[in-house]
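Subject: Structure for your review

Hello,

Here is the structure I said I would pass on. My notes on what turned up in it follow below.

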Amino acid sequence: MKEIINFLRLLWQLPQNLLGFILFQIYSVDCLCLEVPYRDVHILYSEKMRGGISLGQYIVLPWRYRGDYKTGSYIEKTIKHEYGHTRQSLRLGWLYLIIIGLPSITWAWLHSSFKRFSTVDYYSFYTEKNADKLGGVKR
C-alpha cells in the first residue's frame, strides 16, 4: 500500500519531482555535497548552491547549512521554510510550478537584484509566507 501511495505522490508532483531530481544530479557533480533524508523528502547540501530551492520531494541547500543547527536558528528556519514549499507542492500537484514555483523564483531574483525590492520583507510575499506557515516557521 505504501508503494502505491508513493507512486501516486510521484505522479501528482511529476513536473517538480523531475526538475528536483535533475537539480540533485547537477548540484552533486564534482563538488562537496551531502544527501540526507528529512521527514518525507531528500535534502542535498551542495557547495554549488547559493540559496535554497524546493521541487517536489527534493530540497537543495548550500553546503554551509549542513550539520547540526540550533532550534530557532536561521538554518533551522530555512530548512522548515523549504519543507513548507514541499507541502505546497503536495497540495497543488501539477499546478505548483505555475502558482508557487515561478512567482517564488521571480520574487527571489527581484528581491536580490533590485534595491527597491530589498526593502520589502522577503517572507511577506504570498509564496514565502505560506511556505513558512506550512513548514511551521515563526518569524
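A search of the whole structure finds four salt bridges. Please keep in mind that this is a predicted model.

Salt bridges

Asp 40 and Arg 9 form a salt bridge, with 2.8 Å between the closest N and O atoms. Asp 40 sits in the loop between strand E1 (33–38) and strand E2 (41–46), while Arg 9 belongs to helix H1, so the pair ties together parts that are 31 residues apart in sequence. Arg 9 has a relative accessibility of 12% and therefore counts as buried, the cut-off being under 20%. Asp 40, at a relative accessible area of 30%, is partly exposed.

The side chain of Asp 40 also meets that of Arg 87 in a salt bridge, at 3.0 Å from N to O. Here the loop between E1 and E2 is joined to helix H3, where Arg 87 lies, so this pair ties together parts that are 47 residues apart in sequence. Arg 87 is buried, with a relative accessible area of 17%. As background, side chains of opposite charge can pair when their charged atoms come close.

Another salt bridge joins Arg 139 to Asp 132, and its closest N and O atoms are 2.6 Å apart.

Helix H4

Helix H4 covers residues 96–113. With 18 residues at 1.5 Å a residue, H4 should span 26 Å; the end C-alpha atoms are 24 Å apart, which agrees. The buried residues of H4 are Tyr 96, Ile 100, Gly 101, Pro 103, Ser 104, Trp 107, Leu 110 and His 111. The spacing of such a list can be read against helix geometry. An α-helix has 3.6 residues a turn, so residues three or four places apart point the same way.

What do the buried residues of H4 pack against? Their partners are helix H2 (14–26), strand E3 (53–55), helix H3 (74–92), helix H5 (115–118) and helix H6 (126–135).

Nonpolar surface patch

A nonpolar patch on the surface is formed by Met 1, Ile 4, Ile 5, Phe 7, Leu 8, Leu 10, Leu 11, Leu 14 and Trp 94. Together these residues have about 920 Å² of accessible area. Helix H1 (residues 2–12) gives the most to the patch, with six residues.

Positive phi angles

Asp 30 is not a glycine, yet has a positive phi of about 55 degrees. Asp 30 lies in the loop between H2 and E1 and counts as exposed, at 76% relative accessibility. Arg 39, also not a glycine, has a positive phi of about 50 degrees. The loop between E1 and E2 holds Arg 39, and at 55% relative accessibility Arg 39 counts as exposed.

Regards

How values were computed: Residues numbered from 1 in each chain as written. Predicted model: local features only at pLDDT ≥ 70, side-chain atom pairs only at ≥ 80, totals over all residues. Heavy atoms only, no water. Patch = residues over 30% accessible without salt bridge, like charges linked within 9 Å, V, L, I, M, F, W, Y side chains within 5 Å. Areas by Shrake-Rupley, 256 points an atom, 1.4 Å probe, with all protein chains shown as cover. Helix = DSSP H or I, 4+ residues; strand = E, 2+ residues; numbered from the N terminus. Expected span 1.5 Å × (residues − 1). Buried < 20%, exposed > 50% of the residue type's maximum accessible area, 1.4 Å probe, protein only. Contact = heavy atoms within 4.5 Å.
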